[in-house]
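Please brief me on how the parts of this complex meet.

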2 protein chains.
Amino acid sequence: MVENFNISERLAKRLKKTRKSKGLSLEATSKLSGVSRSMLSQIERGESSPTVATLWSLTRALQVDFAGLLDESDTGSTIKEVMRASRTPTINSQGEGCRIRILSPPDQAGQLEVYEILFTKNGALISAPHRQGCVEHMTVLEGALSVVAGDDGAELGAGDTIRYAADCRHSIRANGQPAKALLIVHNS
Amino acid sequence: MVENFNISERLAKRLKKTRKSKGLSLEATSKLSGVSRSMLSQIERGESSPTVATLWSLTRALQVDFAGLLDESDTGSTIKEVMRASRTPTINSQGEGCRIRILSPPDQAGQLEVYEILFTKNGALISAPHRQGCVEHMTVLEGALSVVAGDDGAELGAGDTIRYAADCRHSIRANGQPAKALLIVHNS
DNA sequence: CCTAATAATCCAATATATTGGATTGTATAT
DNA sequence: ATATACAATCCAATATATTGGATTATTAGG
């Protein structure tokens with residue numbers, strides 16, 4: 001078990017690694033971000049726990065985002081998980097007239113979930129709001145679908161992709177013909 | 001440091017909203033997180049830019065992650081983007097014997113990218129390391145594939161899903177028969 | 001109206017994050 | 001070895017994040 005250093009330790013290593021990988025000096029990074037070299041040095045040595053403001057500046061300068069910088073992605077084996085087809089769970093009609101195949105490993109629930117959804121002629125999938133900041137990506141594989149999220153709506157055909165906030169009521173509906181879609185839920 | 005205003009403001013609203021949505025008082029949140037009520041109050045009013053350490057405690061207590069708290073998902077229209085099938089770009093053979101259809105909107109590049117990959121009989125997709133923390137999800141739609149990431153490797157059949165770190169050299173290879181796969185890249 | 005009780009903000013004391021300049025370290029070239 | 005140039009760390013001064021306790025709302029009973 002690679003143990004949980006405190007958050008500052010992890011951040012330190014991540015920052016140093018990404019800065020070096022871009023071939024930047026502390027000075028250069030300082031000019032890019034507006035954070036002093038001294039501060040950068042301290043942060044990279046785990047002697048200071050930066051403010052969100054300064055961290056924000058750094059993420060902008062180094063072109064990384066908070067998730068990547070702070071998530072606890074272990075350094076263990078690079079392959080995190082394999083889920084076999086035989087164990088792929090299937091949910092029948094959570095709305096009406098649709099079947100859902102869960103393609104993502106269970107330990108990713110809430111982070112990044114991948115579903116294949118099969119709609120019957122007039123099937124629909126109606127969902128309550130998810131967590132604040134939750135976003136759904138959907139690509140239509142076959143047929144045609146209409147999406148409603150909050151007050152917005154859109155009509156999609158085969159091959160179309162839509163991205164919408166899912167922290168409000170949203171629904172996906174097949175119009176007149178069976179349809180198949182791929183749904184990716186981020187931060188549910 | 002012009003952007004501090006924004007980030008603190010956003011954070012403030014997000015925090016208050018999620019705390020309220022859980023029906024917690026400042027006192028309760030304080031006990032859960034170990035951060036003083038005063039601090040919480042200041043943060044929620046945008047008068048203080050918390051330290052990563054304290055922010056970390058808060059995310060643990062409120063069960064949200066940094067991405068959700070700080071990402072700039074504006075409250076504008078809920079539907080962020082629609083990409084039509086006719087505009088779906090296709091890349092031919094980045095490795096050898098594979099075609100890639102980009103299913104995600106371009107403004108999401110680097111955040112969440114979705115690809116459909118078509119392999120010929122012995123086609124392969126070989127990729128250089130992506131950003132630190134980058135993770136790829138892949139589901140095999142048809143055929144069989146072998147994946148190598150860093151020092152690990154795995155064999156996958158139709159319907160199987162794998163998740164692996166992509167901040168090191170990685171490759172996907174069809175063995176003996178044409179294959180189709182869905183690839184999701186997180187934080188490239 | 002008065003209390004009691006809980007929630008949020010204000011305030012002074014303290015800890016720590018952040019800065020600019022000085023110092024040390026590490027190369028490369030003369 | 002000396003000099004030059006740049007990169008990283010150390011150090012004192014300052015700004016600001018964080019805390020505990022006092023103060024003000026706000027609500028609910030009597």
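Helix 3 of chain B gives the largest share of the surface near DNA strand D, three residues. A residue is near a strand if one of its heavy atoms lies within 4 Å of it. Helices (H or I, at least four residues) and strands (E, at least two) are DSSP runs, numbered from the N terminus.

This is a predicted model: local features need pLDDT of at least 70, side-chain atom pairs count only at pLDDT 80 or more, and totals for chains, interfaces and linings use all residues. Residues are numbered from 1 along each chain as its sequence is written, chains are lettered from A and ligands numbered from 1 in the order in which they are written, and side-chain values use heavy atoms, with hydrogens and water left out.

**Around DNA strand D**

- Sugar or phosphate makes up 72% of the atoms of DNA strand D within 4 Å of the protein, and bases make up the rest.
- Thr51(B) places a backbone N or O atom 3.1 Å from a phosphate oxygen of DNA strand D.
- Thr54(B) has a polar side-chain atom 3.3 Å from a phosphate oxygen of DNA strand D.
- In Ser48(B), a polar side-chain atom is 3.5 Å from a sugar or linking oxygen of DNA strand D.
- Two or more residues of this surface come from each of helix 1 (7-21) and helix 3 (37-44) of chain A and helix 3 (37-44) of chain B.

**Around DNA strand C**

- Among the 21 residues around DNA strand C, those that come nearest are Ser38(A), Thr51(A), Leu26(B), Ser41(B) and Arg45(B).
- Of the atoms of DNA strand C within 4 Å of the protein, 67% belong to sugar and phosphate.
- Helix 3 of chain A supplies the largest share of this surface, four residues.
- At least two residues each come from helix 3 of chain A and from helix 1 (4-21) and helix 3 of chain B.
- The surface near DNA strand C holds four nonpolar, 12 polar and five charged residues.
- A polar backbone atom of Leu26(B) is 2.8 Å from a phosphate oxygen of DNA strand C.
- Ser41(B) has a polar side-chain atom 2.8 Å from a phosphate oxygen of DNA strand C.
- From Thr51(A), a backbone N or O atom lies 3.1 Å from a phosphate oxygen of DNA strand C.

**Between chain A and chain B**

- Contact (heavy atoms within 4.5 Å) links 69 residues of chain A with 70 residues of chain B.
- About 5,900 Å² is buried between chain A and chain B, and carbon and sulfur atoms give 58% of this area. Buried area is the accessible area (1.4 Å probe) that two parts lose on being put together, summed over both.
- Two salt bridges cross the interface. The term means a side-chain nitrogen of Lys or Arg within 4 Å of a carboxyl oxygen of Asp or Glu.
- Arg84(B) and Asp160(A) meet in a salt bridge (2.6 Å, N to O).
- The side of chain A that touches chain B has 30 nonpolar, 23 polar and 16 charged residues.
- Strand 8 (residues 161-165) of chain A and strand 1 (residues 79-83) of chain B run antiparallel and are joined by four bridges. Strands pair if DSSP finds at least two bridges between them.
- Ile162(A) has Val82(B) as its bridge partner in strand 1 of chain B.

Terms used: Polar contact = N/O pair within 3.5 Å; in protein donor to acceptor, adjacent residues only side chain to side chain. Nonpolar A, V, L, I, M, F, W, Y, C, P; charged D, E, K, R; others polar.
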